[in-house]
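Here is a walk through one protein chain.

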Amino acid sequence: MPSFWSKACAGAFDLLFPPLCPVCRKELVDSKEKSLSLCLSCFSSLEINENFFRIPLSYQREKSGGVFILGAGTSYDSPFAAKIIHSLKYEDCFLLAKPLAELIFRHLERSGLARLIGREEFIITPIPLHRRRLIDRGYNQAELIGRELSLRTDLPVADLLLRTRPTMEQAKISDPKERIKNAKGCFSINNKSKSSPLGKKILLVDDVFTTGATMFEAAKCLYRFGARLVVGLAAAKA
Ligand SMILES: [Zn+2]
């Protein structure tokens, strides 16, 4: 629990440096804006996606005919969404994981996926960065979003996956076939994780997807190691 002095110091800091909306630079005034780290006018300009994709996994060796479900909070076409994701990824604006997790959370409610997830035990797993990129960036934006989503859903987070080889950023590749090639076989199971995908239902979390090649590759890896259901969720679809 924060002490009186830490609360007083935080209050004084806010007075000296009032928190600003990173998109429009308006001062964040009410508690909802402060908890989102974004002004409500910018947040409400982001349209929440109502639909999600069901992708059959008929190529899987499992015979259950499982599906991979893929959804996104909003569209990357919105300049606000693009700005928020860019600032989280490249400008160390860690707090922006909050509105991005909120977008995913609202998408779960709006699309009806929350009913599916609410009834079952799910684990949140962020899409991992390769070790080299993690060292360069200093943090994994998908993990920050996953942890914020965990606070909203009460679901645990586990780093079930490892990225075993460096890949190019998918956003820098325009050909969908090249994206599939770039992501192919880049994931493995993280043996250091306390949990394993065997028999689990998993929410795979990332900041953005375009063709879904990275999400798909990660889902395939989790299914190969015995996951029962994988739902891929990104803050935005490009
Ligand atoms: Zn704003």
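Helices (H or I, at least four residues) and strands (E, at least two) are DSSP runs, numbered from the N terminus. Residues are numbered from 1 along each chain as its sequence is written. The model is predicted: local features need pLDDT of at least 70, side-chain atom pairs count only at pLDDT 80 or more, and totals for chains, interfaces and linings use all residues.

The protein chain holds 10 helices and 7 strands. Of its 238 residues, 37% are buried, where buried means that 20 or more other C-beta atoms, placed from the backbone, lie within 10 Å of the residue's own. Contacts are pairs of residues whose C-beta atoms, placed from the backbone, lie within 7 Å. Among contacts between residues at least 6 apart in sequence, 72% join residues at least 24 apart.

Take strand 3, residues 122-126. Of its 5 residues, 4 are buried. Strands pair if DSSP finds at least two bridges between them. Strand 3 and strand 6 (residues 201-209) run parallel, joined by 5 bridges. Across this pairing, Ile 124 stands opposite Leu 203.

Now helix 8, residues 141-153. The expected span of a helix is 1.5 Å times one less than its number of residues. For the 13 residues of helix 8 that gives 18 Å, and the end C-alpha atoms are 18 Å apart, which agrees. Its buried residues include Gln 141, Leu 144, Ile 145 and Leu 149. What do the buried residues of helix 8 pack against? Their partners are helix 4 (79-90), helix 5 (97-111), strand 3, strand 6 and strand 7 (229-237). After helix 8 comes Asp 154, with a positive phi near 65°.

Terms used
Buried ≥ 20, exposed ≤ 12 C-beta atoms within 10 Å, placed from the backbone. Contact = placed C-beta atoms within 7 Å.
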